[in-house]
Amino acid sequence: MSNVELTDVKTLRQRARQNVEDGAVTKGYSADREEILRLLNESLATEWVCVLRYKRHYFMAEGIKANVAAEEFLEHANQEMAHADKLAERIVQLGGEPDFNPDNLSKNSHAQYVAGKNLKEMVLEDLVAERIAIDSYREIIQYIGESDPTTRRIFEDILAQEEEHADDMADLLKGL
Ligand SMILES: [Fe+2]
């Protein structure tokens, strides 16, 4: 048992009626909401830059009939878009606004958009981008700690998939 003090039901019920316009954000929310929103939007940008890079790589690999790589690129593009959607949904739940402005995406993204001249370069750049995402999400998870379990779980789920992506790219790279 931890030494967390539980709030009595009466207080919980009273509190829930105050500031109802804040939606899912209650008085017990202990995270720095502005900072969490900033991290969520930077991650949203990271995911979108990855979607666009994987899309480019998918179509280029299709062109050179690199079928196995092309399939992986497409699958990753779709999964990164699903990550972006989860992040956007959480931003709105926390009372923020998801920033989809294309002018801001590459500025706010942690990972880079590298077109890649050939298949090997594409796979290498995708691996690098995944490794950047992995490190940044791991840090965000540590930063959030116990302050916002829902946002943390979202990042944990995304992190697990980014690790799979990195593994896929590392495997592909070995065969090139
Ligand atoms: Fe990924």
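Visitor: In what order do the elements of the protein run from the N terminus on?

Guide: In this predicted model, where residues are numbered from 1 along each chain as its sequence is written, local features need pLDDT of at least 70 and side-chain atom pairs count only at pLDDT 80 or more, while totals for chains, interfaces and linings use all residues. Side-chain values use heavy atoms, with hydrogens and water left out. From the N terminus on, the elements run α-α-α-α-α-α, and the protein has 6 helices and 0 strands, where helices (H or I, at least four residues) and strands (E, at least two) are DSSP runs numbered from the N terminus.

Visitor: What makes H3 and H6 roughly antiparallel to each other?

Guide: Angles run from 0 to 180 degrees between N-to-C directions, and axes are lines fitted to C-alpha atoms, for helices over the stretch in contact. Under 35 degrees counts as roughly parallel, over 145 as roughly antiparallel, 65 to 115 as roughly perpendicular and the rest as oblique. Helix H3 (residues 67-93) and helix H6 (residues 149-174) pack at about 170 degrees, with their axes 11 Å apart, and H3 and H6 are therefore roughly antiparallel.

Visitor: Which residues in H3 and H6 meet?

Guide: Contact means heavy atoms within 4.5 Å; among the residues that meet are Phe73, His76 and His83 in H3, and Phe155, Ile158 and His165 in H6. By class, the contact of H3 with H6 has 9 nonpolar, 7 polar and 6 charged residues, where Ala, Val, Leu, Ile, Met, Phe, Trp, Tyr, Cys and Pro count as nonpolar, Asp, Glu, Lys and Arg as charged, and the others, Gly among them, as polar.

Visitor: Which residues does UniProt list for "binding site", and how do you know that they gather at one spot?

Guide: The unreviewed UniProt entry lists Glu47, His83, Glu130, Glu162 and His165. They span 119 residues in sequence, yet no two of their C-alpha atoms are more than 13.2 Å apart, so they gather at one spot. Such annotations may be inferred rather than shown by experiment. Glu130 is found in helix H5 (residues 119-144).

Visitor: Over residues 30-176, how much of the chain is helix and how much is strand?

Guide: That range is listed by UniProt, in an unreviewed entry, for "domain: Ferritin-like diiron". Over residues 30-176 the chain is 80% helix and 0% strand, and the end C-alpha atoms are 48 Å apart.

Visitor: What are the dimensions of the box that the C-alpha atoms of the protein fill?

Guide: Taken along the principal axes, the box is roughly 65 × 40 × 20 Å.
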